[in-house]
Amino acid sequence: MAGKAWRSAIVNLLTKLGLSINGKEKLKPQELSRVVGAAKNETPQSRTFIRGIQTVTLIPGDGIGPEISNAVMKIFEAAKAPIRWEERNVTAIRGPGGKWMIPPDAKESMDKNKIGLKGPLKTPIAAGHPSMNLLLRKTFDLYANVRPCVSIEGYQTPYTDVNLVTIRENTEGEYSGIEHVIVDGVVQSIKLITEQASKRIAEYAFEYARNNQRASVTAVHKANIMRMSDGLFLRKCREAAEKYKDVKFTEMYLDTVCLNMVQDPTQFDVLVMPNLYGDILSDLCAGLIGGLGVTPSGNIGANGVAIFESVHGTAPDIAGKDLANPTALLLSAVMMLRHMGLHGHAKKIETACFDTIRDRKVLTKDLGGNSKCSEFTEAICQRMKDMD
Amino acid sequence: MVLYRVLSSSPNKPANALQSTLLNMQETIREPMVQDPTQFDVLVMPNLYGDILSDLCAGLIGGLGVTPSGNIGANGVAIFESVHGTAPDIAGKDLANPTALLLSAVMMLRHMGLHGHAKKIETACFDTIRDRKVLTKDLGGNSKCSEFTEAICQRMKDMD
């Protein structure tokens, strides 16, 4: 490429990644390798990419979903994040043949954009359709649920300095849904563990650890009891470890992890495990840092799809009253920015959010204050303006 | 109640913050076990969940070294046990902490209806730990197993 064209390509790339070549801080080694990697891998995007702006599918959800989504959009705007939101509704509809599915325009949007941000969804009882989360999971083959749990300064819990990530296999295991009655009063439930799914989650865990500068990955299992199923899972983790020698690999029984987790969570880093254990441990770890109201979550799917979401409920009792706490959705959006390589913007928004909480002047009720959602949002926006 | 008293005199471990904050549970907001275990009473569950939760709860009060356990069988059989390991590195050196096995034995006495004796032994054990003068290494002291044992025996003699 000619000199000027090359330079503007680099500048565009840096802008896209949220980094500045004119900025005072030097590029960190990992950021630099990301830029180089991205430059090497720049291919015509199937993802929407117009003048450095990336389009993301936004699913506001139900209850407090719309207001916390608005808060996130407002904060992203104040941060000048290069994101364009494409709002979609995912309420299940009956497709041809009577099968429940998510609306075609929502699917099309996600397939095109690859990245989504989702608020809480309600599953109406007696609606006849399966849980929306399950439908999303199946539609996009969301095989990894990732929850980083980091202690939040200013929101005190009995545990400090928590900094771990749970990576849960989300497609099979104990939640295969295969149950049957043997005879009256005797029910059997099948825990399905496949080589393919185990290999996929194990490799994702190590890849995540490497990309996020995490020192170790611990496989959580009960292979001493479930020798074949957890044994297979563990074997695939060990094989993946061989390919990632730069990341330390350990194994620990689930019950030992739980015992140690409540005594000293600082000893843990990245944890990878099958479905049920992940369901339990991810909520346990969320509890350590303050609950589902402040915990981010991401779901990684096949074909480059990733949906980030708040995992708390719809809170119908406070919906529409400007009382909700947008932290969980905001931190999930920050996770999304990092996934997209927009580290600069991620850091800026995250710092503004944490500083606001640490300051303890403007906090929503669940965080111990009595400010409105809009006031909390405004405080974060103001901090970012002051950073510039 | 029993388990909570053990916690209040537990050793100086990283979980110290846990101890002092658990004594001030009013400020916690959410439900989970790790944030407010005091909301729970008796929990019954299938095998795997019990494997997980029983170890998790043992962690809340200080670990397997201080947690009693009992196994109830058919035909009136019951076996009470300490659930920690064999600790081969300190075996035979008079360094072990007998608390878990002792509290399991107290559980056994209660199961047998011998409540008076159970209360006496348990009180002596808890008072010794609370006193913090004679404690085995894992509890934060540097006494021998025999000294810890003797302290409990002495307390019971003093009770009579």
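**Exercise 1.** State whether Glu242(A) and Lys245(A) are buried or exposed, and find how their side chains meet.

Solution. Step 1: Glu242(A) and Lys245(A) are both exposed. Step 2: in this predicted model, their side chains form a salt bridge, with a distance of 2.9 Å from N to O.

**Exercise 2.** Find which parts of chain B are tied together by the pair Arg155(B) and Asp131(B).

Solution. Step 1: the closest N and O atoms of Arg155(B) and Asp131(B) are 2.9 Å apart, and the two residues form a salt bridge. Step 2: Arg155(B) belongs to helix H6 (residues 145-159) of chain B, while Asp131(B) belongs to helix H5 (residues 115-131) of chain B, so the pair ties together parts that lie 24 residues apart in sequence. Step 3: Arg155(B) has a relative accessible area of 25% and is partly exposed. Asp131(B), at 35% relative accessibility, is partly exposed too.

**Exercise 3.** Determine which residues are joined into one network with Arg88(A) by salt bridges that share partners.

Solution. Step 1: the network consists of Arg84(A), Glu86(A), Arg88(A) and Lys112(A). Step 2: one salt bridge is between the side chains of Arg88(A) and Glu86(A), at 3.6 Å from N to O. Step 3: Glu86(A) has 10% relative accessibility; buried means under 20%, so Glu86(A) counts as buried. Step 4: Arg88(A), with a relative accessible area of 25%, is partly exposed.

**Exercise 4.** How many salt bridges does the structure hold over all chains?

Solution. The count over all chains is 33 salt bridges.

Conventions: Residues numbered from 1 in each chain as written. Chains lettered and ligands numbered in written order. Predicted model: local features only at pLDDT ≥ 70, side-chain atom pairs only at ≥ 80, totals over all residues. Heavy atoms only, no water. Salt bridge = Lys/Arg side-chain N within 4 Å of Asp/Glu carboxyl O. Buried < 20%, exposed > 50% of the residue type's maximum accessible area, 1.4 Å probe, protein only. Helix = DSSP H or I, 4+ residues; strand = E, 2+ residues; numbered from the N terminus.
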